[in-house]
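Hi,

Here is the structure I promised to pass on. My notes on it follow below.

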Amino acid sequence: MNVDELLRRTAAIPVTRFDEAVIRRNLSRVRTLMWTDQGSSSAAEDELGLDDPLRPDEDEADRIARAGQLIGMGTFTWSPAAGKLAWSRKMSEILGYHQGFAHPSRAALLDRIHAADREAFWLAVEETFESCNLQDIVLRVLRPQSATRYVRFYMQVLTDEGGTPRGVIATAQDVSDKVFAEKEAERLKQRCETILTRLEEHDPVTTLLNWRGFDNEVDRARRIGPGAVLLLRIEALGGRPGQDGPVSWEDFMRVIADFLRRLKQVGDEVACLGENEFAFLLCGTEAEAKARSVIADLENRNFLAGGHRIQVSVHGGLVAFDGSRRARAGREESVGSLLIDADVALYEARRSGSPLGMVDPAVQAAPGGRQESWRARVRSALEEGRMTLFAQPLRSLHDGQVTRYELLLRLVDGEDLVTPAKFVAMAESLGMVDRVDLWVIKEAVKLLAHLEAGIRLQVNLSARSLGDPALLAAIEKLLEPPSVDASRLTFEITETAMIGNTADTRHFVDRLRALGCQFALDDFGSGYGSLINLKSLPFDILKIDGEFVHDSMDNKTSRAMIEAIVHMCKGLGILSQAEFVEDKQLLTWLADLGVDFAQGYAVGRPRPVEELLVPERPGAGSGEGEGDPPEEFHQSA
Amino acid sequence: MSPEPTRNPEPFRLSPQMQAECEAFYADNFVDVRRYARCLCRDWHIADDLAHDALLAAIERWPRVREHERPLAWVLKTLRFKLTRLEDSLTRRNGGELPDDVADDRSAGLMADVDLHLMVTDLMQRLQPREAQAVMLCDWLGFTERQAAAVLDIALNTLKGYKHAGRQKLEAMLKAAEEGNLR
C-alpha cells in the first residue's frame, strides 16, 4: 500500500455507528447550550478573528504576520530586491527596542543579535531565500543593560505567483524560559550522574567498607548502644588464592565478601580490612553467639570462586563494647583501641587453634594491658627484623622508563605478611610510628646507595612523624654528605595527615627540601585536605588517588576529576602520578592526558626490595603481572 | 479544557434554518475534525475535546463563518490555535517542558493488526506536526496547497516542503511496516 492509497482509504472510512452516537450526544449538548437562553462565550476565538482564512486576496506576508502576532510572536520581513527590512511592534519588543521603533533595518536588527550569533543568523536568512528551505534557529538577543534572551526564529521564503522567491519572513518568539529550563534540567541530570552515592570508604575489590569506613561505622555504633567488633581471618584451604592454584585473589575475596553480606543482619556492617581479613560490626547483645554462627557458616560452606570449589578456615577475634564509649576501667575507649583488642583476640585464637578468641575490654584497657602487648609486637618486629620492604615501580609516561619505586612496608607475622594499614594505624596509636618511619627511611637510604644513580625511591610518612623534631633531625643526619643524593628520596604525605598539622608540615618539608628531597601529596582527592595546601606547601608530586583512577574508563565522574587534576598540576608545575593503573588501555589514556607517572599492576607489582639489587633481565621489572609478591593492598595508612 | 461556559449577556439566537445548518455542519465534519486533532495530540480525550470546542466555536459564529469559502478551514485553524494555547499553558505549568501525553512523542510503537484509522493516526503522530497537518489538509481533507498554507499560517513554499517531507516519511514508514521493521 502506498501513501496515496493509504490516505484515500482513510478518507473513505465511513462514519461508524459509534461515531454517530457521539455526534448525536454532542449535538444534544449543543442544543442545550446554544439554542436556549444559555450561551457560551469564549474570548479566545474572538482574538483569532472571523475572517475567512481562505480569502484569496490576502498577502501571504500579512497573513503570517497577523497569525504570529495572535500568538505573541514578532515578525520581520526582508526583501532583498528592494533592500528593505521591516518588523512588527512585537519584534521591536523582542529585540529590546521601544515599540514603534521607526527605523527597522538590517543593521538595527543585527545590532541586537549577540555578536557570536550574528553570522549564523544572517547566513540562515540568506539560506532561507536561496534554498527556499525554512530555517528554524535559536539565537541570543542582547537587549539593553546586557540582558540576554534566547529567541527562536522561524524563517520562511515568500514567493510570487510564479513561485519565484521574493523575500523572507521570519516569526520570532522569546523562548528563554524554555531554554533555561532545559539547561537546568541538563545540569541537574549531569550532576546527579556525577555525584558519588558512596563515600570513599569502600574497598575497590570487594566493595565492602574499608578500614576508614569501618572505623566510622564502629564509632557511630558505639554512640548508639552495645555491640561488638569481630575480626575474621579467612584463609582458603589447599592453597593461597592468586599464588597456589587456579583461583585468583580477587575472585576469592569477592566470593567471601558476597557471602558475608548475606550473613549480615539489619544494623550490622561488614568490612574488608586487608588480605584475607574481614570485620563484622555486630549490634546489640548476643555477640558471641552471632560470631560463632558466622564462623561456623563460613567453615561449613563450599564456595565457588572462578569455577573452582574452595573451603576455608576461619579464626575470629571478638571484643564487645557497651555503648558508653567508656570502658569499665573508666577511661574513654577509642575505635582504634577496640580494633587492637579484636586483633589481639584474633591473634590468640590463631595461636591456640580455637575458632574464636575473645577479649575483655576492661582488662585490655587497664594500664599495660593492650598497649603493652602491641608495643611488644611492634618492638619485636623492629628488633627481630620482621619488618620488610617491597618496592612497586612507577613508570614515566613520557619515556616509558621506570625510574622510581614506592617502598611499601610489610610486617612478617608468622607466615603472613600483614598489610601496612592496620600495622601503621596501631603503631600510630601507640606513639611508635616514628620508629617505624625512621626504619623505613634508613632502609631506603641504604638501598639508594646500591641502586643506579637515576633511580629514586618514594617512602610514606605518617601524620605523627611530620611534627616530630627528633625524626627530622635523624633524617637530616642520614642525608648528610657523603650520603646519597637527597633528591633521590621523595616523601609521600597524605592530605589527611596534614589536617591540623600544616605548620609542622611546612617546617618539616622546608627543612628536607633544603637538602634536595622531594615531596608528594598522596591519595589526592580522597582525603580531607584543601586545594590551599597546594598553594602553601611546596609539593613536587601529586598522587591521584586510585579510587578515581581504577574505574575511570567506565566512570565519567572519575575521568572529569582526573582531567581537572592533571590540568591543575600542569598549571602549578607539579608532577602527577596515577595509582591503581591496572590495564594497558588506562595506561594509554593517562599518557595521552599528560599524566607524568603511572603505578599499578599494569606497570608492575610490588616485589621484595632485594630483587631491585639483582641485575635485571631484559624486560624484567617493568612488565605486567610479575607475580611472586603478595598482592599489594592499597589502603591509606 | 475549553473555558467554562459563561452566561452570555446577549442570548444567542439562530433561526431554525441556521440551527439546522449548524447541526448538519457539525455532523458532517465532526469525524474529520476529530481525526485531525487525534493526529496532532496523543491524548485522545484532549483531542476530542478540542475538536468539539472548535466546531462549537464555529457554530457560535455561524452567521459569519457560514460565509467562508470553506468553513472547515476556520474550524481547523481554530483547533490548531487552541492546541497551541493549551501546549503553552501546560509547558509553563510543567517547568518548561511539554508533558508527555501532549508532546510530539514519535516513539510510540506501531500497533500491529489494528484497523486503518488507528494505523493512520499512529503514522501521522510520527511526523512533525506541520508535516502531518500539511498531508492531512491536502491529501485527506481536500484543501489546495494555497488553502492549506492559509489554514496553517505558513508560506506556500513552506507548506509544499512540509507536504513533500511528510509524504516521503509516510512512504518510508509504510515500507518499513510491511517489512516488519517499523518500531
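How much area is buried between chain B and chain A, and what share of it do carbon and sulfur atoms give? About 5700 Å² is buried between the two, with 60% from carbon and sulfur atoms (buried area being the accessible area, 1.4 Å probe, that two parts lose on being put together, summed over both).

Before the rest, some housekeeping. This is a predicted model, where local features need pLDDT of at least 70 and side-chain atom pairs count only at pLDDT 80 or more, while totals for chains, interfaces and linings use all residues. Residues are numbered from 1 along each chain as its sequence is written, chains are lettered from A and ligands numbered from 1 in the order in which they are written, and side-chain values use heavy atoms, with hydrogens and water left out.

Back to the interface. There, 67 residues of chain B are in contact with 57 residues of chain A (contact: heavy atoms within 4.5 Å). One pairs B:R64 with A:D51, with the closest N and O atoms 3.6 Å apart. On the chain B side that touches chain A, the classes come to 34 nonpolar, 12 polar and 21 charged residues (Ala, Val, Leu, Ile, Met, Phe, Trp, Tyr, Cys and Pro are nonpolar, Asp, Glu, Lys and Arg charged, and the others, Gly among them, polar).

Over all chains the salt bridge count is 42. Inside chain A, A:R166 and A:D59 form one at 3.5 Å, N to O. A:R166 sits in strand β5 (165–174) and A:D59 in the loop between α3 (43–48) and α4 (60–70), so this pair ties together parts 107 residues apart in sequence (helices are DSSP runs of H or I, at least four residues, and strands runs of E, at least two, numbered from the N terminus).

Now a helix pair in chain A: the axes of α16 (433–450) and α18 (469–478) come within 11 Å and cross at roughly 10° (axes are lines fitted to C-alpha atoms, over the stretch in contact, with angles from 0 to 180 degrees between N-to-C directions). That makes α16(A) roughly parallel to α18(A) (angles under 35 degrees). Their contact has 7 nonpolar, no polar and 3 charged residues.

A cis peptide bond joins A:P481 and A:P482, with omega about 10°. A:C132 has a positive phi of about 60° although it is not a glycine.

Cheers

Conventions: Angles under 35 degrees count as roughly parallel, over 145 as roughly antiparallel, 65 to 115 as roughly perpendicular and the rest as oblique. A salt bridge is a side-chain nitrogen of Lys or Arg within 4 Å of a carboxyl oxygen of Asp or Glu.
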